[in-house]
Every structure is written in structure tokens, then in C-alpha cells.
Amino acid sequence: MRSLLKPRQTHASIFDIDLRSYWDRGYQNIIIDVDNTITAWNHYKITPKLKEWISKAKDTGFHICLLSNSSQSKIRAFALELGVTYSPIGGKPFARGFYCALTELGATVQDTLVIGDQIFTDILGGNRAGMFTILVDPIDKREFIGTRLTRLMERLVAGRRPVCKSLQQPR
Ligand SMILES: [Mg+2]
């Protein structure tokens, strides 16, 4: 169980992920969480930096699918605005949403990265589905009350430090 809670890689943010190196290793698709991974919690705003990251990922060749447990109508609207696909089913960490995202992408578990800020949803689900998982620090400290409890569990069970930034080399 513990290994299912372990991300294959950690980064301070999506902006620290070297997409080209993953592309060169054969990854072509990204399943990505929304709240606190690419936007602040419940704040569906496209910053110029995010827009640039999405463009760069697409230019590299990646196909991107949003996978979120939030309101699917919000996620759909956000995906349209970003110009990416989305899974109409959330339900992380259960596998159904992940497989639905794979179908949307026309992808396989072998060529897909899963990126998210939560161990018990994004990482656990992605690992169970057999994909390469990347954990990022949450963008914002403000979170859904249930998520705050989950953070405590992450620290207790998975030994997660409050922020991954402390693990990064100074830039
Ligand atoms: Mg999240």
C-alpha cells in the first residue's frame, strides 16, 4: 500500500517539470489535476504562465486531459478555455476516471504521465492504474476542508513534507 502512495517523481510545481525529457523517454500524454495543481483551489483562472505551459506542452507533442473530482461542468468549461480535453468522470483515486481520461486521450498507461498535488487521489489513483506519477506542491494553502484533513493524513501515512520546495536545489 505504501508504495502506491509514493510518487515516481516530485517537483515544486508544473513549471519545474522538464517536459522534453519525459517526451524523449516516450511519454506523449498528460492526465493532470486542476485544483491546486494548475490553478489555485476553486479559482479557474488562466494565468499567462499557465497558458504558456500548456502551449509548450502541446508544442512538444503532448496531449493533455484534465481529471478532477470537482464539478464536471466547471472542469469542462475550463478545459474548453485551455484548449485541452477532460474526463467527464472524476472519482479519484478510483480507476474509472483515469481510464476514462486515457480513452479521451487515445492513450495507454505506458505513455501517460499523471500530475497532481494530492497523494490520496492523484498519486494513489495514478499508481494503481499503472502510470508514471508526478507530485507537485499545492499552489495555494487555501483548500477545501476535506482536503486539509487529507493533508494531515498525507503527512502521517505517506510521510509527506508540507512542501516539496524544500527538497529542490536552489535556483
Ligand atoms: Mg488538487
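Helices (H or I, at least four residues) and strands (E, at least two) are DSSP runs, numbered from the N terminus. Residues are numbered from 1 along each chain as its sequence is written. This is a predicted model, in which local features need pLDDT of at least 70 and side-chain atom pairs count only at pLDDT 80 or more, while totals for chains, interfaces and linings use all residues.

**View 1. The protein has 6 helices and 6 strands.** Along the sequence, these elements follow the pattern β-α-β-α-β-α-β-α-β-α-β-α. The C-alpha atoms fill a box of roughly 40 × 35 × 30 Å along the principal axes. Of the 171 residues, 39% are buried, that is, 20 or more other C-beta atoms, placed from the backbone, lie within 10 Å of the residue's own.

**View 2. Strand 2 (residues 29-32) and strand 3 (residues 63-66) are parallel partners.** The pair is joined over 4 bridges; pairing requires that DSSP finds at least two bridges between two strands. Asn29 stands opposite His63 in strand 3. From strand 2, the chain crosses through helix 2 (residues 48-60) to strand 3 in a right-handed β-α-β crossover.

View 3. Cys65 has Thr85 in strand 4 as its bridge partner. Together with helix 3 (residues 72-82), strand 3 and strand 4 make a right-handed β-α-β unit.

Terms used
A crossover is right-handed if, with the strands pointing away from the viewer, the path from the first strand over the helix to the second runs clockwise. A residue is buried if 20 or more other C-beta atoms lie within 10 Å of its own, exposed if 12 or fewer, and partly exposed in between; C-beta atoms are placed from the backbone.
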